[in-house]
Number of protein chains: 2
Amino acid sequence: MLFFTQCFGAVLDLIHLRFQHYKAKRVFSAAGQLVCVVNPTHSLKYAPTRCAAAQASTEQGTLPPCHHHEAVHDSQLVPCTCPLFSCPWEGHLEVVVSHLRQTHRINILQGAEIVFLATDMHLPAPTDWIIMHSCLGHQFLLVLRKQEKYEGHPQFFATMMLIGTPTQANNFTYRLELNRNQRRLKWEATPRSILECVDSVISDGDCLVLNTSLAQLFSDNGSLAIGIAITTSKVHSSEAEM
Amino acid sequence: MLFFTQCFGAVLDLIHLRFQHYKAKRVFSAAGQLVCVVNPTHSLKYAPTRCAAAQASTEQGTLPPCHHHEAVHDSQLVPCTCPLFSCPWEGHLEVVVSHLRQTHRINILQGAEIVFLATDMHLPAPTDWIIMHSCLGHQFLLVLRKQEKYEGHPQFFATMMLIGTPTQANNFTYRLELNRNQRRLKWEATPRSILECVDSVISDGDCLVLNTSLAQLFSDNGSLAIGIAITTSKVHSSEAEM
C-alpha cells in the first residue's frame with residue numbers, strides 16, 4: 001500500500017515538473033532554449049563559518065577560497081567549492097566539477113543559453129538553488145541564494161562563478177535576465193572565479209540582488225525563471241581555446 | 001571681497017559640472033545623448049504623511065494620488081504630484097507640468113534618450129533626485145530616491161511616472177540602465193501614472209532597486225549615471241497621437 005502511495009506521489013511530482021517546464025518555456029518563448037528545473041537546498045552552513053574554515057585551511061597550507069584574484073598554479077590543491085556544505089575535500093581545479101557532480105549531486109547542463117527555473121521561492125532563508133553550466137569549453141556554477149542580510153528581510157542574490165582561475169574568468173561575460181508581467185531586469189557582469197568565495201561575492205552585493213517584493217513580481221506560482229547567457233568578452237582570447 | 005569669493009565659487013562649480021558632464025558622456029559614449037546633471041534635494045516629507053494627506057484630501061472630494069489605476073476625467077482636479085513637498089496646490093492634469101516647473105523648479109529635458117547624472121550619492125536618506133523628461137509628445141517624471149526602508153540600511157529606488165492617466169501610461173515602456181566597470185544593470189517596465197502616488201510605487205518595490213554596495217559599484221566619484229530611454233509599447237496606439 002505504501003509502495004503504491006509513493007509511486008502515485010512520484011507520478012504527481014513528474015507531472016508538476018513537466019508543467020513548470022512548459023510554463024518557463026512560455027515565459028521565455030525562445031526556441032531551442034533548455035529549461036532546467038532547480039529545486040532548493042537548505043544551506044547547511046553560514047558565510048562566517050565557511051570563511052573561518054577557509055582561514056584555518058590557509059594556515060594548513062592549502063589555498064583559501066576567500067582570497068580575491070589569487071593566482072593558481074596547476075600543481076596547487078583547491079578546497080571543495082560547493083557553497084552548500086562544509087566539505088573536507090581538496091583536489092586539483094580540473095577535478096572540482098566531477099567532485100561537485102558525484103559528491104554533492106549538482107546537475108550540469110550544456111548550452112549557450114539556458115533557463116534556470118528555481119522552485120519554492122517561499123522557503124525560508126538560508127536556501128540555495130545551484131546548478132553547473134557547461135558552455136564555451138568551460139564549466140560555470142550558478143548560485144541563487146535566499147539570505148537574510150538584514151534580520152527579518154530576506155533577499156535573493158544570483159551570481160555565476162567560473163570553475164577556473166580569475167584570469168580565465170576575465171574572458172567571459174554572463175547575463176541573467178528576469179522577464180515577466182511587462183517588467184524586465186537584466187544583470188551583466190564578468191563571472192568571478194570559484195576560487196573567490198561565493199559567500200564573499202554575495203556579501204559584497206556584487207551580483208543580481210532582488211528584494212522579496214521584486215522577486216514576487218517576477219515569480220510565477222512560487223517559481224522564478226532566470227534566463228542565462230554566457231559570451232566571451234574578448235574575441236581574440238588565448239584562454240578561449242583552452 | 002565676498003563678491004569675488006562667490007564668483008570664484010560659481011566658476012569652480014561650473015567647471016565641476018562640466019567635468020561631470022564629460023564623465024557621464026564617456027560612460028555612455030553614445031553620440032547625441034543629452035547628459036543632465038541632477039542635484040539632490042533633501043526630502044521634506046515622508047511617505048506615511050503624504051499618503052495620510054492624500055487620504056484627507058479624498059474626504060474633501062479631490063482625487064487621491066495613492067489610488068491605483070483611477071480613471072480621471074478632464075474636468076477633475078488633481079493634487080500637486082511633486083514628490084518633494086506637501087503642497088496644497090490642485091489643478092487640472094494638463095497644468096501639472098507648468099506647476100512643477102514654476103513652483104517646484106523641476107527641470108524639464110527633451111529627447112528620446114537622455115543620461116541622468118545624480119550627484120552626491122553619499123548624502124543621507126531621505127534624499128530625492130528629480131527631473132521631468134519630455135518625449136513622444138508626453139512628459140514623464142523621473143524620481144531617484146535614497147530611503148531607509150530598513151533602519152540603518154539605505155537603498156536607492158528609481159522609477160519613471162507619466163504625467164498623464166494610467167491608460168496613457170500603458171502605451172509606453174521605459175528603460176533605466178546603469179553601465180560601469182564591466183557591469184550592466186537594466187530595468188524595463190511600463191511607467192506608472194503620476195496619479196498613483198510615487199511613494200507607494202517605491203514602497204511596493206516595483207522599480208529599480210539598488211543596495212548601497214551596488215550603487216557604489218556603479219557610481220563614479222559620488223555620481224550615478226542612469227541612461228534613460230522611452231519607447232511606445234503599442235505601435236498602433238490612439239494615445240500616441242494625443
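This is a predicted model: local features need pLDDT of at least 70, side-chain atom pairs count only at pLDDT 80 or more; totals for chains, interfaces and linings use all residues.
How many salt bridges does the rule find across the interface of chain B and chain A? The count is four.

Let me begin with the single chain. Chain A contains six helices and 15 strands. It has 242 residues, of which 51% are buried. If we take the contacts in chain A between residues at least 6 apart in sequence, 63% of them join residues at least 24 apart.

Thr159(A) belongs to strand S9 of chain A, which covers residues 153-162. With a relative accessible area of 1%, Thr159(A) is buried, because the limit for that class is under 20%. Which residues does Thr159(A) contact, once its neighbours within four places in sequence are left aside? They are Leu141(A), Leu142(A), Val143(A), Tyr174(A), Leu176(A), Val198(A), Val201(A) and Cys207(A). One of these, Tyr174(A), also has its side chain joined to that of Thr159(A) by a polar contact of 3.5 Å.

I turn now to the relation between the chains. Two copies of a chain are related by a rotation about an axis and a shift along it.

Next, the interface itself. In chain B, 24 residues are in contact with 24 residues of chain A. Of the interface residues of chain B, 100% are also interface residues in chain A, and therefore the copies meet through the same surface. The size of an interface is often given as the accessible area lost when the parts come together. For chain B and chain A that buried area is about 2100 Å², with carbon and sulfur atoms giving 48% of it.

As for specific interactions, nine residue pairs are in polar contact across the interface of chain B and chain A. On the side of chain B that touches chain A, the elements that give two or more residues are strand S9 (153-162), S11, strand S13 (208-211) and helix H6 (212-218). Which of them gives the most? S11(B) does, with seven residues. By residue class, this side of chain B divides into ten nonpolar, seven polar and seven charged residues.

Side chains of opposite charge can pair when their charged atoms come close. Over all chains, the count comes to 18 salt bridges. One of the pairs is Glu188(B) with Arg184(A), at 3.7 Å from N to O. Why does this pair join two chains? Glu188(B) lies in strand S11 of chain B, residues 183-189, while Arg184(A) lies in strand S11 of chain A, also residues 183-189, so the bridge runs from one chain to the other. Glu188(B) is partly exposed, at 23% relative accessibility, and Arg184(A) is likewise partly exposed, at 29%.

There is also the pair of Glu188(A) and Arg184(B), again with 3.7 Å from N to O. Glu188(A) is in strand S11 of chain A and Arg184(B) in strand S11 of chain B, so this pair too joins two chains. Relative accessibility is 23% for Glu188(A), which counts as partly exposed. For Arg184(B) the value is 29%, and Arg184(B) counts as partly exposed.

The bridge of Glu188(B) and Arg184(A) is part of a network. Arg175(A), Glu177(A), Arg184(A) and Glu188(B) are linked by salt bridges.

Finally, an example from within one chain. Asp128(B) forms a salt bridge with Arg145(B), where the closest N and O atoms are 2.8 Å apart. This pair links distant parts of the chain, 17 residues apart: Asp128(B) is in strand S7 (residues 127-135) and Arg145(B) in strand S8 (residues 138-150) of chain B. Are these two residues buried or exposed? Asp128(B) is buried, at 1% relative accessibility, and Arg145(B) is buried as well, at 4%.

To close, I return to the opening count: four salt bridges across the interface of chain B and chain A, where two chains meet through the same surface.

Terms used:
Residues are numbered from 1 along each chain as its sequence is written. Chains are lettered from A and ligands numbered from 1 in the order in which they are written. Side-chain values use heavy atoms; hydrogens and water are left out. A salt bridge is a side-chain nitrogen of Lys or Arg within 4 Å of a carboxyl oxygen of Asp or Glu. Helices (H or I, at least four residues) and strands (E, at least two) are DSSP runs, numbered from the N terminus. Buried means under 20% relative accessible area, exposed over 50%, partly exposed in between (1.4 Å probe, protein chains only). A polar contact is a pair of N or O atoms within 3.5 Å; within protein, one must be able to donate a hydrogen and the other to accept it, and residues adjacent in sequence count only if both atoms are side-chain atoms. Contact means heavy atoms within 4.5 Å. Buried area is the accessible area (1.4 Å probe) that two parts lose on being put together, summed over both. Ala, Val, Leu, Ile, Met, Phe, Trp, Tyr, Cys and Pro count as nonpolar, Asp, Glu, Lys and Arg as charged, and the others, Gly among them, as polar.
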